[in-house]
Amino acid sequence: MTNFLAALALCFSSVAIANSEFSDFFNSFETLSADFTQQTFSDSTTLLTKTSGYLHFKRPASFVWQTKTPIEQTLLLNNHELWLIDTELEQASQQATNDLKNTPLYWLMNRPENLQDLPRFSHSDLGVNWYKTSQSNQLSFGFRNKTLDTIQLTSQLDQKIQVVFSEIILNPELNESVFALNLAPGFDVIR
């Protein structure tokens with residue numbers, strides 16, 4: 001019986017330590033930069049698309065998500081305006097920001113201490129600790145060595161999206177111009 005109680009206590013302490021991993025990471029920065037590779041799979045795990053690029057983030061609400069391959073597109077959040085910029089099409093369209101709560105961006109913008117429903121530790125797999133949100137899109141965050149490694153979610157089309165991060169830098173100096181909407185002449189702007 002004593003061994004069982006010791007094992008149970010060890011399990012609870014492991015979960016408590018793991019649960020703090022999510023909060024510790026998201027509380028540790030004001031700015032963040034990283035490279036990423038994003039893969040989208042059909043519900044049968046067939047690879048549909050693969051993109052790569054970089055992101056820059058600054059609290060409370062400045063964000064650049066830049067894909068470089070296979071096409072150059074930018075998702076830009078600044079002054080509570082969200083823009084999708086397609087360089088090849090020379091088009092910028094303003095997006096609604098009322099549904100950010102269902103996106104990974106919501107978790108970047110808000111510190112865990114200000115949120116009521118934090119993701120919960122789910123499991124460990126291949127050295128990654130997984131935290132699941134209670135959102136319907138099955139949003140999960142994976143941490144390796146106490147650093148964000150992967151984000152997984154299910155799209156409205158029931159596709160699985162996986163974003164793997166590399167070269168994460170916490171608290172880099174980011175100039176405000178990084179988050180400015182600078183469009184070349186001739187861009188179509190859709191509001």
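Helices (H or I, at least four residues) and strands (E, at least two) are taken here as DSSP runs, numbered from the N terminus. The structure is a predicted model, in which local features need pLDDT of at least 70, side-chain atom pairs count only at pLDDT 80 or more, and totals for chains, interfaces and linings use all residues. Residues are numbered from 1 along each chain as its sequence is written, and side-chain values use heavy atoms, with hydrogens and water left out.

An open sheet is formed by 12 strands, with mixed pairing and the order 7-8-9-10-11-1-2-3-4-5-6-12; two strands are said to pair if DSSP finds at least two bridges between them. Strand 7 (120-125) and strand 12 (188-190) are the edge strands, each pairing on one side only. On average, and with direction ignored, neighbouring strands of this sheet are turned by 20° against each other; the axes are lines fitted to C-alpha atoms, for helices over the stretch in contact, and angles run from 0 to 180 degrees between N-to-C directions. Strand 6 (residues 91-95) runs parallel to strand 12 and is joined to it by three bridges. Within strand 12, Val189 is the bridge partner of Ala92.

The loops come next. In the loop between strand 2 (47-58) and strand 3 (62-69) lies Pro60, which is joined to Arg59 by a cis peptide bond with omega of about 10°. The loop between strand 3 and strand 4 (73-78) holds Pro70, and a cis peptide bond, with omega about 0°, links Thr69 to Pro70.

Two residues other than glycine have positive phi values: Asp158, near 65°, and Asn171, about 60°. Asp158 sits in the loop between strand 10 (147-154) and strand 11 (160-170), while Asn171 belongs to the loop between strand 11 and strand 12. With a relative accessible area of 39%, Asp158 is partly exposed; Asn171 is partly exposed at 40%. Here, buried means under 20% relative accessible area, exposed over 50%, and partly exposed in between (1.4 Å probe, protein chains only).

Finally, Phe141 is found in strand 9 (residues 140-144) and is buried, with a relative accessible area of 0%. Leaving aside neighbours within four places in sequence, the contacts of Phe141 include Phe22, Phe26, Trp107, Pro119, Trp130, Tyr131, Leu148 and Ile151, where contact means heavy atoms within 4.5 Å. Pro119 stands 22 residues from Phe141 along the chain, and the C-alpha atoms of the two are separated by 8.2 Å.
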